[in-house]
Amino acid sequence: MLDSRLLWKQRFVRYGSERRRYLRYMLNDHLLFVVLIGLGAGAFVYQRWLQTLTSSFPYAMVEAVVLSMFLTYGSVRTFFREADLVFLLPAEAKLTPYLRRAFVFSWGMQASLLSLAVLALAPLHLEFSALSIWLLWIILLSLKGWNMWIGWKEQSFATTGARSFGYGTRLLFNMVFLYFLLKNVSILFWGMLLLIMAALSFYFMQTTKRKGLNWEHLILQEEKAQLSFYRLANIFTDVPHLKERAKRRKWMDFVLSFVPYRQEQAFRYLYLRTFLRAGDYLGLYIRLTCISCLVLYIVPPIYGKIIAALFFLYATGFQLLRLQQHHRSNIFYKLYPLSDQLKKKTVLQLLFWLLLGQNIVFALFMLVFGYVVHVLLLLFIGWVFSYWLLFFYFNRRRRVNR
């Protein structure tokens with residue numbers, strides 16, 4: 001007879017032991033040192049930015065947008081596996097205690113991230129809003145629970161479009177809710193919002209009453225969550241469980257045509273193709289570049305912008321460094337009649353050109369705002385920093401495997 005409480009305990013213990021094993025490698029002195037420097041510099045720039053804001057600054061909109069993303073994002077970690085589709089599906093009716101514990105655990109994890117977001121926005125909130133930060137925090141935690149419950153009900157829908165529509169609707173609702181909360185609007189609006197929440201809750205309760213679990217979606221969701229953690233851990237140590245998926249991206253094939261068709265260029269072609277198609281290297285590079293431009297726009301002093309640009313160059317290089325280890329388990333890759341030193345040099349050169357390209361994007365972004373002289377300074381400093389970072393700092397710390 002299935003004991004769902006015992007099953008949850010076993011899987012939770014296994015999950016915790018795996019996380020602790022990898023976190024020992026991830027939370028090293030080197031990373032903590034960089035994080036502390038980043039937090040210190042970010043706090044200083046943040047404080048300086050707050051001093052430049054006027055009373056007309058749309059703080060309510062900024063807070064609503066940022067916090068609504070934390071409220072809407074997140075799902076219930078079920079720890080389901082592919083084999084559960086066969087072995088647990090017949091016992092689905094007995095999994096209520098298991099799923100209840102999964103929901104509480106997931107809410108606790110997501111509430112922690114939400115609390116960090118509130119802590120980060122606290123100086124801005126205290127500067128402009130009369131609403132108690134503690135009351136805001138309690139309301140957000142409650143609203144997070146409601147969002148997770150609605151999101152759990154949404155997984156019963158088979159189509160991706162229906163779930164995406166539900167996600168977008170909740171995101172918009174959270175923005176409106178928080179904006180009205182921070183603006184201290186009339187009680188009439190509050191009544192309308194609470195009525196909408198009650199209507200949505202009743203609708204999902206009735207719609208999903210006779211629906212079972214969407215096992216395929218929940219297993220895929222769990223695999224994605226595991227893959228995200230493994231990718232992060234793979235930067236620091238080998239992860240045997242990591243399973244990368246390649247994406248065709250035919251529209252990027254023209255980039256490969258710039259690599260000459262010669263034997264000594266084999267590694268360059270391989271790693272450039274890997275960057276464009278395998279894993280999430282290209283997506284990570286684009287996301288970090290976009291986030292960097294947003295930070296460059298927010299940071300007020302020009303030298304603060306240059307420091308922020310260098311910090312994101314470091315972050316990009318550090319994240320993409322795992323590209324070297326991508327093919328380590330491929331036996332055919334080891335048959336190449338080329339030296340390991342050439343492989344190492346090729347990866348460093350590719351990362352160097354990627355960082356230069358990102359630095360040029362930063363420079364063009366700053367040029368739009370009229371920083372002509374400082375753009376030349378950023379180009380020079382960024383070039384020197386990228387070269388030192390890859391060929392001296394990372395190389396000496398053996399972040400790239402031989």
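Analyst: Gladly. Let's begin with handedness: a crossing is left-handed if the near helix is turned anticlockwise from the far one by less than a right angle, and right-handed if clockwise. Helices (H or I, at least four residues) are DSSP runs, numbered from the N terminus. Here, α12 passes α14 in a right-handed crossing. The model is predicted, with local features needing pLDDT of at least 70 and side-chain atom pairs counting only at pLDDT 80 or more, while totals for chains, interfaces and linings use all residues. Residues are numbered from 1 along each chain as its sequence is written, and side-chain values use heavy atoms, leaving out hydrogens and water.

User: At what angle do α12 and α14 pack?

Analyst: Axes are lines fitted to C-alpha atoms, for helices over the stretch in contact, and angles run from 0 to 180 degrees between N-to-C directions. Angles under 35 degrees count as roughly parallel, over 145 as roughly antiparallel, 65 to 115 as roughly perpendicular and the rest as oblique. For α12 and α14 the angle is about 30°, and their axes are 10 Å apart. That makes α12 roughly parallel to α14.

User: Which residues in α7 and α8 meet?

Analyst: Contact means heavy atoms within 4.5 Å. On the α7 side they are Phe173, Val176, Phe177, Phe180 and Leu181, which meet Phe189, Trp190, Leu193, Ile196 and Met197 in α8. For classes, Ala, Val, Leu, Ile, Met, Phe, Trp, Tyr, Cys and Pro count as nonpolar, Asp, Glu, Lys and Arg as charged, and the others, Gly among them, as polar. This contact of α7 with α8 divides into 10 nonpolar, no polar and no charged residues. The two helices pack at about 155°, with axes 11 Å apart, and are therefore roughly antiparallel. Their crossing is left-handed.

User: How many residues are in the largest nonpolar core?

Analyst: A nonpolar core is a set of buried Ala, Val, Leu, Ile, Met, Phe, Trp, Tyr and Cys residues joined through side-chain atoms within 4.5 Å. Buried means under 20% relative accessible area (1.4 Å probe, protein chains only). The largest one here has 44 residues, and Phe275, Leu320 and Phe362 have the most contacts inside it. The helix α14 gives the most to this core, with 11 residues.

User: What does Leu320 touch?

Analyst: Not counting residues up to four places away in sequence, Leu320 touches Phe275, Tyr281, Leu284, Tyr285, Leu351 and Leu354.

Methods: Buried < 20%, exposed > 50% of the residue type's maximum accessible area, 1.4 Å probe, protein only.
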